[in-house]
Amino acid sequence: MTQAHESDPKYKLKLFIAGNEHNSVQAINNIRDILDTRIKDRYKLEIVDILTDFQAAIDHGVLVTPMLIIVEPSPETTIVGTLSDAGKVKAALRL
Amino acid sequence: MKHETTNDKCALPKIPTRIAGLDDILQGGIPEKRTTIISGGPGCGKSIFGIEFLYNGAKMGHPGIYVTFEERADAVRQNALTMGWDLEELEKQNLLFVMQANLDPSTLISGDFSLTGLFSIIEGKAKSMNCTRIVVDAIDILLRMYNDFNRERSEYYVLHDWFSSRKITSIMTVKSSQDHGLATRYEFLDFMADCVIHLDQRVREQISTRRIRITKFRGSDFGRNEYPYVISDKGLSIIPISMSGLRHRPLGDPVSSGNESLDSILGGGYRRASCVLIAGITGAGKTTLANTFIEKACARDESVLFIGFEESEEAIVTNMLSPGIDLRPAIKSKKLRFLTSLPEAMGSEEHLMRAFNHISDYKPDHLVLDAISACERMGSQQTAFEYLIRLLNHCKENDITCILLNQTTKSMDIHQISGMEISSMVDSAIFLGMVEVGGEINRMMLVLKSRGLAHSNQFREYLITDNGIELLDVYVGEGGVLTGAARQEQEAKESATQRMREHRIMQKRQELNHKEAAKQAKIAALQSEIDMFKAELDSLMEEENIWHQGRDIRARLRGKIKDDPINKSILGSV
């Protein structure tokens, strides 16, 4: 699904991680890689550690970690896992 | 109850589920701080099981968390409300937390992930609520996210470990179905869990029945049978057939069977709210015995519901007139109600519903069912069993005395006379049989069982007379219990022997008299001999005296005797 637009959309993402769990560390590195190479300075990535903030996990229904919620561009999309499949992540971000 | 954990001997600590009947089978409850798996197909009541466990616990002040992967939390709350369980109220009191954990199906998966999110939520909530009870419904949905058999297995290990390390008592539901693939896929759960409960719903003869079975309980004994259960508007209700006595109220006072002699054999009569089985071959008088009870009960102003599958109301009333039982006044005064139908007329569920409706509307003190053997015609033996168990259970719970009639063969084995393996539900059992002795048939009665009462274990002969059933006195001779002509013959034989004995005594007595007489005669003879002897002796003595006197006279005359007073007197008299 591609959506051409004049102005660059603003990217708002939330990444839920579990402390320094192996998967979580990988996910942080993977998403940063993708974002920094494609939309550097045009995104806002919030990293939430559910081990310290379980209420956030309840609120967002975070059952598994790591979990990335793409809040914007809408509609909201959820990707779980280490985000190792860059193609899938880019498609979800519509890049 | 303060003690929520049962701990007998050194056994595994258990937590009562407070699900009707289940704790009896589990012998206390589910294992504390361990994992219990509930498996079953769709519509078995797995979720209800889980919710009921948490609800009952929360009501007692034990907080619980319900994690639902399938249904929305709102739906869970709504469903619970239909059972009368207000989850929201308990959630407000922080005694319950319904956690909706369904993963959006549109969620993309990219790379590996772990269940830390779930654990973190549960841990956070559990800590804040001080909760040790968790239900995961359903674990297979959670595990399926991995779509990798080995991974599912290892993740379950993680989950299991996590729960045990936090001393959490957990129930996890898992789907199982006839679909073999799914059954084997989650088989490993059964191996890993500490307690496995299987729920099953099957349809036979268009009638759906539910069964529960414990397949595993580490470190504990448990009821190993399949038990029927129902999902009512009050939740799950298990009918542990062999343990019904534990759940039901104790048996009531003895109530007359309508026949005094029978009462004495039974040790007082039937027990109120008990289940009495009258079994016998056709024509033995089962209906007559039941109606004897009905007539007397109704006369005492007690009400009876007669469920008949054999005869119509008119036929029963007419037939009973011959042994002198008149049911008409009881029907007129509305103390007796008939509910007759052909077993084939409808399914067992419908039969049961009709019976239940009549029971709740009429509130009878006693119920008579004629006959168990006909129930099979509702479908199958299994159907009849279901019908009877549910009806009996309902009656026991409502303190209704149940009198079941059953047509049997000659066998007197209690398991066979009940026909439907309901023998454990039966409190009193009376067997009516016919015995052929010397070319005639005689009616025999035996009380096989009279729970809670001392009863006679002797066979009794009985007659069906114009005045109802008449029991004859028990006859115990050398040859055991005798009936009919043989009984008379034996009695004649007995009296002949008796006469013989009497005759012999008389003979001996006479002989003795004779001997006595002989003795007397002999004594008399001896006496006369002695007398003769005496007489002879006397005369001799006389002679001797005379001789002496003659000598004295002669001597005196010679002047030899002077002052002899005797001689003087003799001399004087001479």
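In this predicted model, helix 15 of chain B and helix 17 of chain B cross in a right-handed sense. Two packed helices are described by the angle between their axes and the distance between the axes. Here helix 15 (residues 348-362) of chain B and helix 17 (residues 381-397) of chain B pack at an angle of about 15 degrees, and their axes lie 10 Å apart. Angles under 35 degrees count as roughly parallel, and helix 15 of chain B and helix 17 of chain B are therefore roughly parallel to each other.

The residues that form this contact can be named. Helix 15 of chain B contributes Ser348(B), His351(B), Leu352(B), Ala355(B), Phe356(B) and Ile359(B), which meet Thr383(B), Glu386(B), Tyr387(B), Arg390(B), Leu391(B) and His394(B) of helix 17 of chain B. Sorted by class, the contact of these two helices has 6 nonpolar, 4 polar and 2 charged residues.

Attention now turns to a sheet to which both chains contribute. Its 5 strands follow the order 2(A)-1(A)-3(A)-4(A)-6(B), forming an open sheet with mixed pairing. Strand 2 (43-49) of chain A and strand 6 of chain B stand at the edges with a single partner strand each, so one side of each is left without a neighbour in the sheet. Within chain A, strand 1 (residues 11-17) and strand 2 run parallel and are joined by 7 bridges; Leu13(A) stands opposite Leu45(A) in strand 2 of chain A. Helix 1 (residues 22-38) of chain A lies across strand 1, strand 2 and strand 3 (67-72) of chain A, and runs at about 165 degrees to strand 1 of chain A.

The sheet also passes from one chain to the other. Strand 4 of chain A and strand 6 (residues 108-109) of chain B run parallel, joined by 2 bridges, and Val80(A) stands opposite Ile109(B). The contact between the chains takes 27 residues from chain A and 18 residues from chain B. On the side of chain A that touches chain B, the elements giving two or more residues are helix 2 (54-60), strand 4 (77-80) and helix 3 (86-92) of chain A. The residues of that side divide into 17 nonpolar, 7 polar and 3 charged.

Finally, the confidence of the prediction deserves attention. The predictor gives the complex an ipTM of 0.83 and a pTM of 0.56. Chain B averages a pLDDT of 81, and 85% of its residues score at least 70. In chain B, confidence is highest in strand 16 (residues 304-308), at 94, and lowest in helix 10 (residues 244-247), at a mean of 46. Over residues 1-8 of chain B, pLDDT stays under 50.

How values were computed
Residues are numbered from 1 along each chain as its sequence is written. Chains are lettered from A and ligands numbered from 1 in the order in which they are written. This is a predicted model: local features need pLDDT of at least 70, side-chain atom pairs count only at pLDDT 80 or more; totals for chains, interfaces and linings use all residues. Two residues are in contact if their C-beta atoms, placed from the backbone, lie within 7 Å. Helices (H or I, at least four residues) and strands (E, at least two) are DSSP runs, numbered from the N terminus. Ala, Val, Leu, Ile, Met, Phe, Trp, Tyr, Cys and Pro count as nonpolar, Asp, Glu, Lys and Arg as charged, and the others, Gly among them, as polar. Two strands pair if DSSP finds at least two bridges between them. pLDDT is the predictor's confidence in each residue, from 0 to 100. Axes are lines fitted to C-alpha atoms, for helices over the stretch in contact, and angles run from 0 to 180 degrees between N-to-C directions. Angles under 35 degrees count as roughly parallel, over 145 as roughly antiparallel, 65 to 115 as roughly perpendicular and the rest as oblique. A crossing is left-handed if the near helix is turned anticlockwise from the far one by less than a right angle, and right-handed if clockwise.
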